[in-house]
Structure formats: C-alpha cells, structure tokens
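Work through the exercises below with the model in view. Try each task before reading its solution.

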Amino acid sequence: FGFPDLSAVAEIVETSADEGVLRRVEGLISELHVLTSSDEARHPFRAEWLAKAAGLEDSTVFDRSRSLADAWSAVSLMAGISPAVIAERVAQRLGLEVGDLGTRRRSALRLVPEALMIAGRVVPLSEDSVTITVATADPTSLAMELELERLTGRRPVFVVVPPSELESALALIVEVAAPSEGSQ
C-alpha cells in the first residue's frame with residue numbers, strides 16, 4: 001500500500017495535514033477491515049466518514065447497511081438531507097470536489113474497462129497524461145484507486161457523486177456501449 005509498516009502509518013496520521021495522505025490511510029484501514037472480515041454479512045459496509053460528513057455522530061446506521069448505496073440512503077434519512085448535500089459535505093470533508101456527470105469525455109471512458117466501471121461503481125470523467133478523474137460514491141476506496149492506477153497508468157483523482165446518480169450514468173454508458181439487437 002505504499003507504507004513501510006504500521007508504525008509509519010501511525011506517524012503519518014499523527015503528523016500529516018495532507019488530506020490526500022489521510023484519505024489514503026483511511027482507505028488502507030477500510031481495506032484491512034475487509035481483508036480480516038470472514039463473513040461479509042456480519043461485517044456491514046463501514047463508512048464512518050459518510051456519517052461524519054453528514055453531521056451524524058452515531059454510526060449505528062452501519063449495523064444495517066450492507067452496501068455503499070444502503071449506507072448513503074440510511075445516512076440521508078437519518079440526517080434529513082439529500083444525497084446531493086451529502087456529496088457536497090463529503091467532498092468538503094475529504095478535500096475533493098463534487099462531480100458533474102455531464103462532463104464525461106469519451107477518451108476517459110475508453111481508459112477504464114466497462115466491467116471495472118460497473119463493479120467499482122465509478123464513472124470516468126476526464127483524463128490527461130498524468131491523471132484520470134473518476135466520479136465515485138466511495139472516495140476512500142484504496143482498492144479502486146490502486147486498480148485504476150494499474151489499468152490506466154494514471155493517478156486517479158476522485159470526485160464525489162451520490163450512488164443514485166452513478167447508477168443512472170452507468171446505465172447510460174452500458175446502454176450506449178452495448179450493440180443494438182439488430183446490428184451484427
């Protein structure tokens with residue numbers, strides 16, 4: 001994960017003010033939680049960052065959440081705010097931006113395999129020679145960050161979008177990418 005050992009991670013957390021590094025450490029912790037979980041049903045999706053961004057101190061919502069979309073819905077209901085407002089607050093908390101799914105460029109879509117877009121619930125928006133900007137509802141996913149970097153050769157830059165908007169965009173992308181039934 002790019003860290004020499006756990007004491008190095010602890011030292012970084014204690015001394016760093018760099019939100020990118022802190023987001024990466026949070027992603028590492030989430031990834032370690034997944035790796036040590038033997039039964040996914042017993043260990044629901046953990047995203048305290050989502051509850052904190054929405055202004056909730058109680059994270060018991062995650063005892064009922066089995067997926068990222070469930071967590072977003074539960075947090076939205078508990079906080080009494082829309083997913084769009086949660087996206088703004090998550091972006092602000094993590095030092096990111098809110099994504100605009102209307103700005104997707106075909107060149108970015110070509111870099112990320114459709115299967116990864118669907119499995120990871122990410123929508124590529126733009127790219128340059130160094131970075132690829134992707135919309136996601138989970139900007140703390142270290143696994144997705146590493147996979148995107150490996151497949152594209154570019155450093156991923158996450159922007160935050162609610163899961164429902166991602167689902168709509170992915171449905172359009174998959175529909176556009178799928179050949180029509182009448183064509184051969």
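Just after helix 8, G153 has a positive phi of about 75°. Helices (H or I, at least four residues) and strands (E, at least two) are DSSP runs, numbered from the N terminus. This is a predicted model: local features need pLDDT of at least 70, side-chain atom pairs count only at pLDDT 80 or more, and totals for chains, interfaces and linings use all residues. Residues are numbered from 1 along each chain as its sequence is written, and side-chain values use heavy atoms, leaving out hydrogens and water.

**Exercise 1.** Find the buried residues of helix 8 (residues 142-152). Buried means under 20% relative accessible area, exposed over 50%, partly exposed in between (1.4 Å probe, protein chains only).

*Solution.* Step one: list them as L142, M144, E145, L148 and T152. Step two: look down the axis of helix 8; the buried residues line one face because they fall within an arc of 165°. That arc is taken from the directions from the helix axis to the C-beta atoms.

**Exercise 2.** Work out the strand order of the sheet.

*Solution.* Step one: the four strands run 1-4-3-2 in an open sheet with mixed pairing. Two strands pair if DSSP finds at least two bridges between them. Step two: strand 1 (97-98) and strand 2 are at the edges, each with a single partner strand, so one side of each has no neighbour in the sheet. Step three: strand 1 pairs with strand 4 (residues 155-160) in the parallel sense, over two bridges. E97 stands opposite V159 in strand 4.

**Exercise 3.** Place R121 in the chain.

*Solution.* Step one: R121 sits in the loop between helix 7 (114-120) and strand 2 (122-127). Step two: its phi is near 50°, positive in a residue other than glycine.
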